[in-house]
Amino acid sequence: MPDPLQAAHEALCRRCGRCCYEKYVVEERVFTTRTPCPHLDTRTRRCTVYDRRTEVNPRCVTVEEGIRLGVFPADCPYVQGVAGYVPSEEGWLDDDLVRWIEEGVLTRAEDVRREMERRRGRGDAAAAHRADRRRRPY
Ligand code: SF4
Ligand code: SF4
């Protein structure tokens, strides 16, 4: 039987899909990549395995865990009014930045932000940005 409290809780979600992109933590700040969870339908922005998501994807987290980990963006309804919540950052790490984080080239959150800004400002980033937009959830 459907749980009305759970249904009301889930109705808060705007189905933007932004929490379902891979993330990296640098100095306790959460950065969002352009890589969606393989179970996210990027056209509808819906999870394709929602009813069994934790069993299919062990890395999928509950709302409570997501709040604790900081995976939700600032405008997500689930984090409105949550004292001290630090939202994920949506500069949208591209593949190079992900590699630099993995290789230990970028170790400070400030440097990650600066590099994202630098790349955004570069003319040759425009084409990559347009291509990336096709993979972005919004
Ligand atoms: S970021 Fe928030 S509103 Fe968007 S899909 Fe995730 S839970 Fe729903
Ligand atoms: S499995 Fe979890 S992270 Fe993946 S699309 Fe579904 S809800 Fe999002």
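Student: In which helix is E117 found?
Tutor: E117 is found in helix α5, residues 109–121; helices (H or I, at least four residues) and strands (E, at least two) are DSSP runs, numbered from the N terminus. This is a predicted model: local features need pLDDT of at least 70, side-chain atom pairs count only at pLDDT 80 or more, and totals for chains, interfaces and linings use all residues. Residues are numbered from 1 along each chain as its sequence is written, and chains are lettered from A and ligands numbered from 1 in the order in which they are written.

Student: Is E117 buried or exposed?
Tutor: E117 is exposed, because 11 other C-beta atoms lie within 10 Å. A residue is buried with 20 or more other C-beta atoms within 10 Å of its own, exposed with 12 or fewer, and partly exposed in between, with C-beta atoms placed from the backbone.

Student: How much of the protein is buried?
Tutor: Buried residues make up 14% of its 138 residues.

Student: What about the strands: what order does the open sheet have?
Tutor: Its 3 strands are ordered β1-β2-β5, with mixed pairing; two strands pair if DSSP finds at least two bridges between them. The edge strands, each pairing on one side only, are β1 (21–26) and β5 (89–93).

Student: How many bridges join β2 to β5?
Tutor: Strand β2 (residues 29–36) is joined to β5 by 2 bridges, and the two run parallel. F31 has E89 in β5 as its bridge partner.
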